[in-house]
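Subject: Structure handover

Hello,

Here is the structure you were waiting for. Please open it first, then read my notes below.

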Amino acid sequence: MDQAEQLRNVVKKSKNFHAAPKARVITITSGKGGVGKSNVAVNLAVQMRKLGTRVIIFDADMGLANVEVMFGSSPKYNLSDMIYRGKKMKDIITDGPMEIGFISGGSGIIGMNNLSKQQLSRLVNNLIELDELADVILIDTGAGISNNVMEFVSASPEVLLVMTPEPSSLTDSYSLIKALHGNPKFVPNGTKIEVVVNRTVSSEDGKLVYDKFSSVVSKFLQGEVHYFGTIPQDVLLEKSVREQKIVSISAPNSKSARAFESLVKSLMYGEPVAAVERQGILHLFSSFFK
C-alpha cells in the first residue's frame, strides 16, 4: 500500500474530518527574496484580526525565520515535533501579537513521504484540529522555485504572488509561474493566482507592472494571473522593518497600513470564495502524497 492510499484510509477512518469546518488557505510566495513577502503575510494577518478573523500563519520557509523576527517570539516546537515527537497541534502554535497564531514548519515537511501509519494518523488528526482553530491559514513559503515552494504553491487554492517593480523581480516571478505550469501536480483551474506589487510609486505604477507581467504569462504560458493590488513605498514601513515591528500595528494610519487594510477587505468581502477553495489545510497537505 503506497503512502497516498494509507493517507486516504486514515482520513476515511477519522470521525471528525467531514464534520469539521474548513479553513481558508492562502499561500503567499515570491520569485525572489527581499521583496517583502513575509512582511505582507504578517500585515495581512494583523488586518484580518482587526476584522475579527481567526488567523494562523504557517511558516513554510526552511531557510529563514522572518515571521519569528517580526513577531519577536521564537517557537518552542515546530511541525517536526508534532509528527515525530508526539506534540499536539496546540503545543506547536506560538502566540503572536493580537492573538495571531504562528506555526514553524521546521524540517517537518521534508521527508513526509516516509511517514509511518501512526505518524500519518497523528498528522491527519492534528490538521483537522488546525482547521477548527482558524478561519484563515496563511502559508508563508520560501522564495524561488525549490521543490518545497512548488509543493505548497501547486497545492494551494489561492496564491498571492508578491513582486516589486524591479525587472529582476518580474523575471524571477515569471520563472516561478513557468515552473508551476511545468509541475505535474498543478491544476490551473484549481488555483487562483493573484499578484501583489510591493514598493510602488503609485497604484497606477503597480497596475502597469501587473499588466506587463500578466501579458507575458498569457502570451508564453497561456496562463492567467489576477490583479490583487499594490503596497506603496512608505518610509514608515521601512522604519517598522528596521525596528522589527509590524507597520499595521506601529503605524496604523500610514500609507502602507491603509493599503494592507484595503487588500484584506478585498480578500474577505470581495469575490466569494468557491466551495473548492474551502477544503482546508488537510486537503493541501494530502496533495503532498499523490
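**What was found**

Q119 counts as buried, because its relative accessibility is 18% and the cut-off for buried is under 20%. Keep in mind that this is a predicted model.

Staying with Q119: this residue sits in helix 6, which covers residues 117–133. The Q119 side chain reaches back to the backbone nitrogen of S116, at 2.9 Å. Setting aside neighbours within four places in sequence, Q119 is in contact with I83, Y84 and N114.

M150 is another buried residue, with a relative accessibility of 6%. Look for M150 in helix 7, residues 147–155. Which residues does M150 touch, not counting those up to four places away in sequence? They are G144, I145, L176, A179, L180 and N183. M150 and I177 are 27 residues apart along the chain, and their C-alpha atoms are separated by 9.8 Å.

Now helix 2. This helix runs over residues 37–50, 14 residues in total. From first C-alpha to last, helix 2 reaches 20 Å, close to the 20 Å expected at 1.5 Å a residue. Of its 14 residues, 13 are buried, so helix 2 is largely enclosed by the rest of the structure. Just after helix 2 comes G52, with a positive phi of about 90°.

Helix 2 also takes part in the largest pocket, where it supplies at least two residues of the lining. That pocket holds about 430 Å³ of space. It is lined by 26 residues, and the closest to its centre are G36, K37, N39, R199 and V241. Helix 3 (66–71), strand 7 (192–200) and helix 10 (235–242) also supply at least two lining residues each. Which element gives the largest share of the lining? Helix 10 does, with four residues.

Finally, the chain as a whole:

- The protein chain has 13 helices and eight strands.
- The chain has 290 residues, and 54% of them count as buried.
- Take the contacts between residues at least 6 apart in sequence: 81% of these join residues at least 24 apart.
- The accessible surface is about 13000 Å², and 51% of that belongs to carbon and sulfur atoms.

Over to you.

Best wishes

Terms used. Residues numbered from 1 in each chain as written. Predicted model: local features only at pLDDT ≥ 70, side-chain atom pairs only at ≥ 80, totals over all residues. Heavy atoms only, no water. Expected span 1.5 Å × (residues − 1). Buried < 20%, exposed > 50% of the residue type's maximum accessible area, 1.4 Å probe, protein only. Polar contact = N/O pair within 3.5 Å; in protein donor to acceptor, adjacent residues only side chain to side chain. Contact = heavy atoms within 4.5 Å. Areas by Shrake-Rupley, 256 points an atom, 1.4 Å probe, with all protein chains shown as cover. 1 Å grid on protein atoms, 1.4 Å probe; cavity = no way out; pocket = protein on both sides within 12 Å on 5 of 7 lines; lining within 4 Å. Points joined across faces, edges and corners; volume = space filled by probe spheres on them.
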